[in-house]
Amino acid sequence: MAEVHLPPVLPPLFPGLPRQLEVEAATVNEAIDRLNEQWPGFRDRLIGSPTALRPHINVYVDRERAGLDTHLEPGSRVDVIAAISGG
Amino acid sequence: MSKSVLLVGTRKGLFVLESGDRRDWSVRGPYCESWPVYQAVLDGDSGTIYAAAASEWLGSAIWRSADLGETWEHSSEGLGYPDEEGGLKLSKVSSVMPAHGRLLVGAESAGLFQSTDGGETFSLVTTFEGQEGREAWNDPAQQPPGHLGLSAIIPHPEERDRFWTIVQGFSLFETTDGGQTWEPRNKGLRRDWPADYEEIGFCVHKVAPAADFERFYQQNHVGMHRSDDAGKTWTEITEGLPTEFGFAAATHPHDRDSFYVIPLDPGHGRTMPDGRLAVWRTRDAGSSWQQLGQGLPEKDAYVGVLREGMAIDDHDQPGLYFGTSTGQLFGSIDEGETWSQFGGLFPGITSVTVATVE
């Protein structure tokens, strides 16, 4: 199980979605899919078209910059960060 | 007893204003998690509010509320371009229009989506494949800042598959087959720049039909125009206005000859000429214009109004409402003769629509 930490802008969009939760997944992409199964639409908030992480969304796995295909180990910490930007 | 509902889309969410007399307004919001809202409309058939919103961080979605804003859901399922669309990127949903039991959504890059389940899921109708000029309007080098792509959808009130769209900076289009094929509707419009195509390359800002849907008015980048054949041909009616440039416009719901527009300085400032806030009205289909401004700031008002920033209601004596790109709302309930500011101070206003609810 990976430990996923989400930015505060996401839970208000999906009733019941916590800031922190555990997910059984082998990659970042798979973790997002698992969360999308439980909270439909979740994937669209992080991934745009063409298929890629949105420009102001960053993902770190065990504090290293990660992509959708980054592998997850049991106990991995996944941080989803919405960039501090805008006005 | 009926009430008026004003939907005010802003750079930081949607606000819902309600009034029983169009004088005192209650304000609720911000909704849509303060995402930038490009257009919001109340579907008169279902009573649902739909808002086209796009977060810089979290992408685009159509938000919907079946209880006038008390509770909200959002969806972007299907709102994206498949890879075979040549790498088109969907940066924002910029227009939304319910009509005939279907929800139409315009996007940037320019494309049209529809929903037949009340905004839960969407499917791509067209990206104007094969249309003359398509490569140019999808070229980022030719797009202005804040490009909206498909900036407006204008449904025919009776014919389900007939509607008009605006591709920003390029054309007004009409379809009569639900968006499968399109005809440019720019004949007679002025353009003061070279163009690669005879029928494409016109900067259409706003099109406002009269109730008969034969008379159309258009605020263009260069000039005000009128059509008496549903957009097939246009005649310029700028003479008498202080500038040829502007965005917001509204047609009187009961008088096809009466039309309102807010002229702006045509340079990159795009604010009120001479700092004097004014709405201009014609009552003779553009043969003459009157400046309306009693109650509006007469000096030092360097504000602008965006293309969806003005609305007119359907009362016997219609109310007019407009919001500025710096967040002030102004209204008139005597057809523009007198005005007052109301509702509070908002983030920059992108869209104002009004509906009467029983």
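## Terms and basis

A residue is called buried under 20% relative accessible area, exposed over 50% and partly exposed in between, with a 1.4 Å probe and protein chains only. This is a predicted model, in which local features need pLDDT of at least 70, side-chain atom pairs count only at pLDDT 80 or more, and totals for chains, interfaces and linings use all residues. Residues are numbered from 1 along each chain as its sequence is written, and side-chain values use heavy atoms, without hydrogens and water.

## Overall fold

Chain B holds 28 strands and 1 helix, taken as DSSP runs (helices H or I, at least four residues; strands E, at least two) numbered from the N terminus. Of its 358 residues, 60% are buried. The C-alpha atoms of chain B fill a box of roughly 55 × 50 × 35 Å along the principal axes.

## Aromatic cluster

Rings of Phe, Tyr and Trp (its six-membered ring) pair if their centres lie within 6.5 Å; planes under 30 degrees apart are stacked, over 60 edge-to-face, and the rest tilted. This rule gives 23 aromatic pairs over all chains. B:Phe128 and B:Trp137 are edge-to-face, because their planes stand at 90°, with ring centres 5.9 Å apart. B:Trp137 also forms an edge-to-face pair with B:Phe170, at 5.8 Å centre to centre and 65° between the planes. That pair joins helix H1 (residues 134-137) to the loop between strands S13 (163-167) and S14 (171-175), 33 residues apart.

B:Trp137 has a relative accessible area of 0% and is therefore buried; B:Phe170, at 12%, also counts as buried. One aromatic cluster includes B:Phe128, B:Trp137, B:Phe163, B:Phe170, B:Phe173 and B:Trp182.

Key
Chains lettered and ligands numbered in written order.
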